[in-house]
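I opened this notebook to record what I looked up in one structure, entry by entry. The order runs from the whole chain to single residues.

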Amino acid sequence: MRWSITVICFRGTKRITGNAVSVIGQKGRIDMVCFTFTVKDEMGLHARPAGLLVKEAGKCSSKVTIKKGEKTGDAKRIFNIMGLSVKGGEEVEIMVEGEKEQEEAAVLERFVTEHI
């Protein structure tokens with residue numbers, strides 16, 4: 001079952017559908033697409049899964065940012081991901097911003113759900 005919620009936030013309006021969130025800017029344009037996931041690997045987001053994520057994010061033409069708590073980093077750079085020190089069971093947010101953000105966010109969400 002699909003659901004949708006609209007939330008006012010500091011960057012504009014967030015429209016939540018399923019797991020993904022679209023941040024709507026002042027002129028009604030989608031500024032970015034965000035989604036969260038929980039790291040299933042007990043060892044967390046260590047070198048192997050971080051490398052896989054970097055490889056997948058590198059295929060995107062959009063800007064891909066990863067966030068844990070207050071820390072953020074470029075998901076196309078392994079040291080940025082490793083610097084977040086993500087442990088197993090922790091929740092991480094991915095933000096995709098660019099021309100093909102909807103499609104690329106869906107691909108990345110599917111990838112992390114299956115592999116991380």
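The entries below concern a predicted model.

**Entry 1. Confidence.** I began with the predictor's own score. The mean pLDDT of the protein is 82, and 74% of the residues reach at least 70.

**Entry 2. Overall make-up.** I listed the secondary structure and found three helices and seven strands. Read from the N terminus, the order of elements is β-β-β-β-α-β-β-α-β-α. The protein has 116 residues, of which 41% count as buried. Its exposed surface comes to about 7,100 Å², with 53% of that supplied by carbon and sulfur atoms. I also checked the range of the contacts: among those with a separation of 6 or more, 52% are between residues 24 or more positions apart.

**Entry 3. Strand 5 and its partners.** Which strands pair with strand 5, and in what sense? I found strand 7 (residues 91-97) joined antiparallel to strand 5 (residues 63-68) by five bridges. Within this pairing, I66 has I94 of strand 7 as its bridge partner. Strand 6 (residues 71-74) also pairs with strand 5 in the antiparallel sense, over four bridges. Here T65 stands opposite D74 of strand 6. Strand 5 and strand 6 form a hairpin with two residues between the strands, and in this hairpin G69 adopts a positive phi near 65°.

**Entry 4. Helix 1, length and sides.** I compared the length of helix 1 (residues 47-58) with expectation. I next noted the buried residues of helix 1, which are P49, A50, L53, V54, E56 and A57. They lie on the same side of helix 1, because the arc they cover around the axis is only 165°. The buried residues of helix 1 pack against strand 5, helix 2 (78-82) and helix 3 (101-115).

Entry 5. Is E56 buried or exposed? E56 has a relative accessible area of 14% and is therefore buried, the cut-off being under 20%. Leaving aside residues up to four places away in sequence, E56 touches V107, L108 and F111. G51 also has its place in helix 1, but at 26% relative accessibility G51 counts as partly exposed. I took one distance from G51: its C-alpha is 9.7 Å from that of F79, a residue 28 positions away in sequence.

**Entry 6. S85.** My last item was a backbone angle. S85 is found in the loop between helix 2 and strand 7. Its phi is near 50°, a positive value in a residue other than glycine. I noted this because most residues other than glycine have a negative phi. S85 has a relative accessible area of 37%, so it is partly exposed.

Conventions: Residues are numbered from 1 along each chain as its sequence is written. This is a predicted model: local features need pLDDT of at least 70, side-chain atom pairs count only at pLDDT 80 or more; totals for chains, interfaces and linings use all residues. Side-chain values use heavy atoms; hydrogens and water are left out. Two strands pair if DSSP finds at least two bridges between them. Buried means under 20% relative accessible area, exposed over 50%, partly exposed in between (1.4 Å probe, protein chains only). Contact means heavy atoms within 4.5 Å. Accessible areas come from the Shrake-Rupley method with a 1.4 Å probe; for residues, only the protein chains shown count as cover. The arc is that of the directions from the helix axis to the C-beta atoms. pLDDT is the predictor's confidence in each residue, from 0 to 100.
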